[in-house]
Amino acid sequence: MLQALAARSTYDLGFGSDAARVKGVSCLKGVEGLTVTPYDRSVAVTVLYLSFEVDRRLVARVLSRCGTVSDMRWCKYGSGELAGIFNGKRQCRMELDRDIPSFLFIGGSKAHIRYFGQPRTCFKCGQEGHEARSCPNRRCGRCLQVGHDKAECPNECGCGAGT
């Protein structure tokens with residue numbers, strides 16, 4: 001992505017992956033008359049489908065497994081009849097240490113996670129390389145382990161609710 005900034009002759013150049021960024025910065029540093037200022041892997045992470053009641057500290061703690069969370073805010077509708085009302089999305093700024101899966105369990109709910117350059121993972125098993133509709137792995141909805149379905153689950157329910 002190439003975006004012209006307000007300053008004259010200044011551009012923000014975005015890459016789809018860390019590998020592409022490293023290679024791109026390396027190539028551009030050799031261009032005469034061009035100043036390249038690389039910046040960190042800070043990204044805007046959007047958390048969707050998570051109840052309003054789930055505490056922001058819990059969300060930050062779960063996300064912090066993948067990096068440093070520096071800020072978090074609720075998003076609102078920007079226009080129309082719903083302008084100014086929270087839309088259920090949370091957005092935070094993170095310095096990533098590793099990629100975040102496409103979904104995480106936070107506060108007992110399956111939250112969808114989105115950010116630019118994120119490798120997509122299967123919504124059933126969490127692995128890369130395929131989508132849920134063609135998932136070769138069975139993941140239990142009770143104990144969350146791969147290899148069996150809920151009906152075949154040999155494990156006790158950790159919440160004390162039983163089956």
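Guide: The structure holds zero disulfides, a disulfide being a pair of cysteine sulfur atoms within 2.5 Å. This is a predicted model, in which local features need pLDDT of at least 70 and side-chain atom pairs count only at pLDDT 80 or more, while totals for chains, interfaces and linings use all residues. Residues are numbered from 1 along each chain as its sequence is written, and side-chain values use heavy atoms, with hydrogens and water left out.

Visitor: Which residues does the "domain: CCHC-type" annotation cover?

Guide: That label comes from an unreviewed UniProt entry and covers residues 122–137; UniProt positions are given in the numbering used here, feature names are shortened, and annotations may be inferred rather than shown by experiment. In the model, this span is 0% helix and 0% strand, and its end C-alpha atoms lie 10 Å apart.

Visitor: Why is histidine 130 called buried?

Guide: Histidine 130 has 18% relative accessibility, so it falls under the 20% limit and counts as buried. Histidine 130 is placed in the segment after S7, and, with neighbours within four places in sequence left aside, it is in contact (heavy atoms within 4.5 Å) with Thr121, Cys122, Cys125, Cys135, Pro136 and Asn137.

Visitor: How many helices and strands does the protein have?

Guide: Helices (H or I, at least four residues) and strands (E, at least two) are DSSP runs, numbered from the N terminus. By that rule the protein has two helices and seven strands, and along the sequence they follow the pattern β-β-α-β-α-β-β-β-β.

Visitor: Which residues touch the most other members of the largest nonpolar core?

Guide: A nonpolar core is a set of buried Ala, Val, Leu, Ile, Met, Phe, Trp, Tyr and Cys residues joined through side-chain atoms within 4.5 Å. The largest one has 19 residues, of which Val45, Val59, Leu63, Ile100, Ile106 and Ile113 touch the most other members. Strand S3 (42–48), H2, strand S5 (86–96), strand S6 (103–106) and strand S7 (109–114) are the elements that give two or more residues to this core. Not counting residues up to four places away in sequence, leucine 63 touches Val47, Val69, Cys92, Met94, Ile100, Leu104 and Ile113.

Visitor: Why does valine 62 count as buried?

Guide: Valine 62 has 6% relative accessibility, which is under 20%, and so it counts as buried. Valine 62 is found in helix H2 and touches Leu104, Phe105 and Ile106, again not counting residues up to four places away in sequence. The C-alpha atoms of valine 62 and isoleucine 106 are separated by 6.9 Å, although these residues are 44 apart along the chain.

Visitor: Why is arginine 93 called partly exposed?

Guide: The relative accessible area of arginine 93 is 37%, between 20% and 50%, so it is partly exposed. Arginine 93 lies in strand S5, and its contacts, leaving aside neighbours within four places in sequence, include Ser42, Val43 and Ala44.

Visitor: Where is the confidence lowest, and where is it highest?

Guide: The predictor's confidence in each residue is its pLDDT, from 0 to 100, and the protein averages 82, with 86% of the residues scoring at least 70. Confidence is lowest in strand S1 (residues 2–4), at a mean of 69, and highest in helix H2 (residues 56–63), at 96. Over residues 159–163 pLDDT stays under 50, and the model has three contacts beyond four places in sequence for them.

Technical notes:
Buried < 20%, exposed > 50% of the residue type's maximum accessible area, 1.4 Å probe, protein only.
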